[in-house]
Amino acid sequence: MRRRTSGVLAVVAAAVTMAAAVIANPVSVQAVDAPACAVGYQVDQWSNGFVAQVKITNNSTPIDGWTLTWTFAGDQRVTSGWSADVTQSGKVVTARNQTFNRAIATGASVQFGFQGTYQGTNETPADFTLNGVRCNDTNPPTTTTTTTTTTTTTTTPQVPPPSCSSGAFCDGFENQTGTTPGGDWSLKFPNCQGSGTATVDSSTAHSGAKSIRIDGRAGYCNHVFLATTRGTTGSGLYARFYVRHTTALPEAHVTFAAMKDTADGGKDLRMGGQNRALQWNRESDDATLPEQSPNGVAQSTPLPLNQWTCVEFGITGSELRTWVNGTEVVGLRADGVSTPDVDSQWLRRSGWRPALTDFRLGWESYGNGDDTLWFDDVVLAASRVGCS
């Protein structure tokens with residue numbers, strides 16, 4: 001980026017000498033402690049629950065690391081967030097950047113979201129502050145300062161390739177050839193083969209140059225999955241994958257990850273969505289995590305649209321935990337301790353202890369649930385991997 005300044009070239013002629021000088025002139029510019037900003041706040045709400053998408057636009061000098069704060073007017077409570085670390089103390093909410101979105105160039109924007117609950121009204125906050133400076137302020141203070149010609153080169157941070165710990169199975173699909181997945185992966189079409197497809201995509205990737213694209217279609221015959229038996233460890237498994245998709249999770253039940261559980265009659269342990277939020281489902285008894293009540297769904301989170309999202313889960317013994325973009329989702333945790341509106345269905349079966357023999361990514365929907373998804377940077381390991 002080049003900042004414009006004004007200068008006067010003074011040429012003084014003498015009989016035997018000539019000199020030239022560039023003089024920097026004072027100009028009026030904004031001088032505040034941090035860049036001016038604009039914040040957009042969009043809400044999709046239902047009875048006692050809501051999802052908010054927040055967009056921060058930087059209108060001044062580049063930012064490297066940000067903290068956005070605001071105050072709720074009512075009794076709104078944040079239950080989970082994605083693409084930012086969102087916490088709440090009283091009515092004050094604080095959202096901090098994650099590693100992948102800490103930099104905001106001049107004129108650029110970042111987005112994050114969160115899910116919450118409320119009683120009564122759900123008013124839009126009006127006091128957003130970024131790094132201590134009020135946003136959406138159309139009358140920022142001005143002072144006089146001196147500037148000189150400066151050239152700054154801004155480089156977009158590159159996503160590092162995924163690391164792979166000893167004994168883990170890691171795949172960014174870079175070794176795939178052609179458009180039909182192969183190697184450590186095989187195509188599975190439950191029930192019957194229809195119009196759902198899984199292909200190697202060289203136009204969209206989280207890192208590297210390739211990913212797996214799933215064109216998911218609703219209907220009994222259209223289910224499609226990409227399966228591997230690498231990295232599965234029976235009763236203990238930690239998984240990390242990045243997913244990007246185009247259509248919001250529907251009201252009806254859908255699945256995008258599944259594992260065969262030999263300790264449950266070969267039925268699937270399934271991760272997907274219902275009522276527009278992420279959920280776990282146990283095929284054998286149709287138990288869900290969380291419960292599909294308004295309060296239960298509010299303790300889960302949607303799957304963000306049109307951006308790469310880091311999804312992690314860990315299964316050790318009878319404990320199941322889930323993280324989205326590094327933040328644990330409280331509604332997607334079963335730890336043997338009863339949590340209202342979350343795990344009563346899950347705990348009605350005593351002694352649940354899965355033994356998993358495969359790992360599948362794809363799409364399954366019995367309702368109105370078409371979606372296009374991309375998966376990349378899969379890691380299956382014996383301990384948590386994280387999103388870096």
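This is a predicted model: local features need pLDDT of at least 70, side-chain atom pairs count only at pLDDT 80 or more; totals for chains, interfaces and linings use all residues.

Biologist: What's the mean pLDDT of the protein?

Modeller: The mean is 84, and 84% of the residues reach 70 or more. pLDDT is the predictor's confidence in each residue, from 0 to 100.

Biologist: And where does pLDDT stay under 50?

Modeller: One stretch is residues 1-34, with 56 contacts beyond four places in sequence. Another is residues 140-162, with 38 such contacts. Contact means heavy atoms within 4.5 Å.

Biologist: OK, big picture. How many helices and strands are there?

Modeller: Two helices and 32 strands. Those are DSSP runs numbered from the N terminus: H or I of at least four residues for helices, E of at least two for strands.

Biologist: How much of the protein is buried?

Modeller: Buried residues are 45% of the 388. Buried means under 20% relative accessible area, exposed over 50%, and partly exposed in between, using a 1.4 Å probe and protein chains only.

Biologist: What actually holds paired strands together?

Modeller: In general, strands of a sheet pair through backbone hydrogen bonds, either parallel or antiparallel.

Biologist: Let's zoom in on S25 and S26. How many bridges do they have?

Modeller: Six, between S25 (residues 267-274) and S26 (residues 277-282), in the antiparallel sense. Leu 269 stands opposite Arg 282, and Arg 270 has Asn 281 as its bridge partner. The two strands form a hairpin with two residues between them, and Asn 275 in that turn has a positive phi of about 55 degrees.

Biologist: How does S26 connect on to S27?

Modeller: S26 and S27 run antiparallel and are joined by three bridges, with Asn 281 opposite Thr 288. This hairpin has four residues between the strands, and Asp 286 takes a positive phi near 60 degrees.

Biologist: Is S26 mostly covered or uncovered?

Modeller: Mostly covered: six of its six residues are buried. One residue to look at is Trp 280, which is among those with the most contacts inside the largest nonpolar core, a group of 46 residues. A nonpolar core is a set of buried Ala, Val, Leu, Ile, Met, Phe, Trp, Tyr and Cys residues joined through side-chain atoms within 4.5 Å.

Biologist: What does Trp 280 touch?

Modeller: Leaving out residues up to four places away in sequence, its contacts include Leu 269, Phe 313 and Trp 346. There's also a second, separate core of 25 residues, including Val 39 and Phe 128.

Biologist: Switching topic: where is Trp 352?

Modeller: Trp 352 is in the loop between helix H2 (344-347) and strand S31 (359-365).

Biologist: Why does Trp 352 count as buried?

Modeller: Because its relative accessibility is 8%. Beyond its neighbours within four places in sequence, Trp 352 is in contact with Asp 261, Leu 269, Arg 282, Ser 318, Leu 320 and Trp 346.

Conventions: Residues are numbered from 1 along each chain as its sequence is written. Side-chain values use heavy atoms; hydrogens and water are left out. Two strands pair if DSSP finds at least two bridges between them.
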